[in-house]
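Please keep the sequence and the structure in view while reading.

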Amino acid sequence: MKTVRLTVAQALIKFLDNQYIEFDGKVTKFVEGIFGIFGHGNVLGIGQALEQDSGDLIVRQGRNEQGMAHVAIGFAKQNLRKKIYACTSSVGPGAANMITAAATATANRIPLLLLPGDVFATRQPDPVLQQIEQFHDLSISTNDAFRAVSKYWDRVSRPEQLMTACINAMRVLTDPADTGAVTIALPQDVQAEAYDFPEYFLQKRIHRIERTLPTEPMLKSAVDLIMSAKKPLMICGGGVRYSEAAEQLKQFAETFQIPFAETQAGKSAVVSEHVLNVGGVGETGCLAANLLAKEADLIIGIGTRYTDFTTSSKWIFQHPNVKFLNINIARFDAYKLDGVQVVADAKETLEKLTTLLAPRAYQPQWGNAVAEAKAQFAQELHRIYHATYTETDFVPEVNDALDREKVYAEFIKLTQSCLTQSRVLGILNETLGANDIIVGAAGSLPGDLQRAWQSKGKNTYHLEYGYSCMGYEVNAALGAKLAQPEKEVYALLGDGSYMMLHSELVTSVQEHKKINVILLDNMTNGCINNLQIGNGMDSFATEFRFRNPQTDKLDGGFVPVDFAMNAAAYGCKTYKVTTEEELHAALADAKKQNVSTLIDIKVLPKTMIHGYGSWWHVGVAEVSEKEKIRKAHERSMKHINEARRY
């Protein structure tokens, strides 16, 4: 047996550089490179190995460990999970910073390889710098916190353990049903330790992402269920995009005239203008999809996890005899809602179902309902995209109109802006190119975007909503740009998310990878503020206000922030926007730039788009001194009793 004497870190880098995937007969390199922030836990191990010989791996420098891991998630997501970046950090706080990103990847089923440094395996210098000592268990380190948010976790305490750890890591990272964050903790002394690795461990490996075929009994059950349905509705989930099954979904829908709705992850698999695309469904769904969802007697979920937002907390599907057909590569998801399970690849399944159903001439009984719902939605879309702040239906009806007017007057006086959030989105949707990518994750924008954004190009809608992680947006936009550098990428986010984390904006400047940040500043965590108001509360610690010396509460004036000045300090081209004319000019000029841009738009609070006949199960106080909260609890209990129990 031929061997090569290498350190653990050197062997790891050579291994990663030789990993490939095969999908539909096409072989591509799987690991594009490594994002790193070096500290005492990895600089002399992985850092030394990369300096000596990084092979074809691209080494990129992060600014914040969570931020760079979000870049890696954005890169993998935009590449439809066919390429990844690994991320390495030092021990302690560097590692802990990546835990949030690990959770984001796992919740969204996106492959993410994390290589945090760890404390000494020998324990000789314990407690080493940044080590947490647990008196009852000395084997615990910060990296054990990754166990709860990783799909695979390992610690390489001896050099020979690296081999099985790496192979299992690739098994999970390339498994469409079980992918997510993979964490391999690397004690800093072991990283530098030498071992005679067999050459076959370092050879080129091709991991095949197979298309799992549906069985005949699965297909028969699916066909029988569809044939019995009068008003079926498909839900296009993220699995449609990752399976690259959009054309098959479209053909199936057109052949049998079955409308389809979209989840956040499935949106832009098929363009919004398609005659059978009825838009986002559920709590953040649009008018058309939610109207049909309540009538549907069969829900065909394709590659969807059926989150509470998609199902409106299992309430939106109100037909008394509604049934579910679940086409999903993950058996776990296929079992949800007591559905008929087709555990198989979306593309293969749709092709086979089309073939089997075609001779039966199946047609649903929607009549004109789909066209009418689309027409109603088109009217509503025009209204909300052109709505002014003087309209009354921006905020939940339980809100006090006088309080709203007081907030508007204060904001306008401070910023000289009367722009509404829905109008800004309308201008953006009209102005951005068909192939431009938008990235979002948290706050009120994902809801507004799923309800109203019209996708004009395929795979241009990049929303992380499995974890709804504030701070994902700017960083993942860089990942999307790295994945498709020929495209314009726009991060759409609020002031709260920007302040949470925008570290890799600097990295975009460093790497000459231009991204555009569209920042809607309403001086409020607006989504949660609306949730309070919609359930009978007043604004409480969700608006960004000075502490009032008279009341000793956070009910003073708004806290103004100049976000354009912040981004300009990083080297970005920036714009300040308070009018429609300024927004149009900023968007036009930003297109011409070669450096990252930030458009700081002052947007009136409480002017986002609200739900369409949906409900979201949140904990409303059962006992309260306020009548509005007591009524909100009564409404909540009514809907709970109408919803499915599991």
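## Surface and burial

Accessible areas come from the Shrake-Rupley method with a 1.4 Å probe. In this predicted model, the accessible surface of the protein chain comes to about 25800 Å². Carbon and sulfur atoms account for 52% of that surface. Of the 646 residues in the chain, 59% are buried, where buried means under 20% relative accessible area.

## Overall form

The protein chain contains 25 helices and 23 strands. Its radius of gyration is 26 Å, close to the 26 Å given by the globule rule for 646 residues, so the chain is as compact as a globular protein of that length. Along the principal axes, the C-alpha trace spans about 75 × 70 × 55 Å.

Contacts in the chain were also examined for residues at least 6 apart in sequence. Of these contacts, 77% join residues at least 24 apart.

## An annotated domain

An unreviewed UniProt entry lists residues 442–601 as "domain: Thiamine pyrophosphate enzyme TPP-binding". In the model, this span is 39% helix and 16% strand.

## Strand E11 and its partner

Strand E11 covers residues 205–208. It pairs with strand E2, residues 19–23, in the parallel sense over four bridges. Within this pairing, arginine 205 of E11 is the bridge partner of glutamine 19.

In a regular strand, side chains alternate between the two faces of the sheet. Strand E11 has a covered face with Arg205 and His207, while Ile206 and Arg208 belong to the uncovered face.

Conventions:
Residues numbered from 1 in each chain as written. Predicted model: local features only at pLDDT ≥ 70, side-chain atom pairs only at ≥ 80, totals over all residues. Heavy atoms only, no water. UniProt positions renumbered as here; feature names shortened; annotations may be inferred. Helix = DSSP H or I, 4+ residues; strand = E, 2+ residues; numbered from the N terminus. Buried < 20%, exposed > 50% of the residue type's maximum accessible area, 1.4 Å probe, protein only. Pairing = 2+ DSSP bridges. Rg over C-alpha atoms; globule rule 2.2 N^0.38 Å. Contact = heavy atoms within 4.5 Å.
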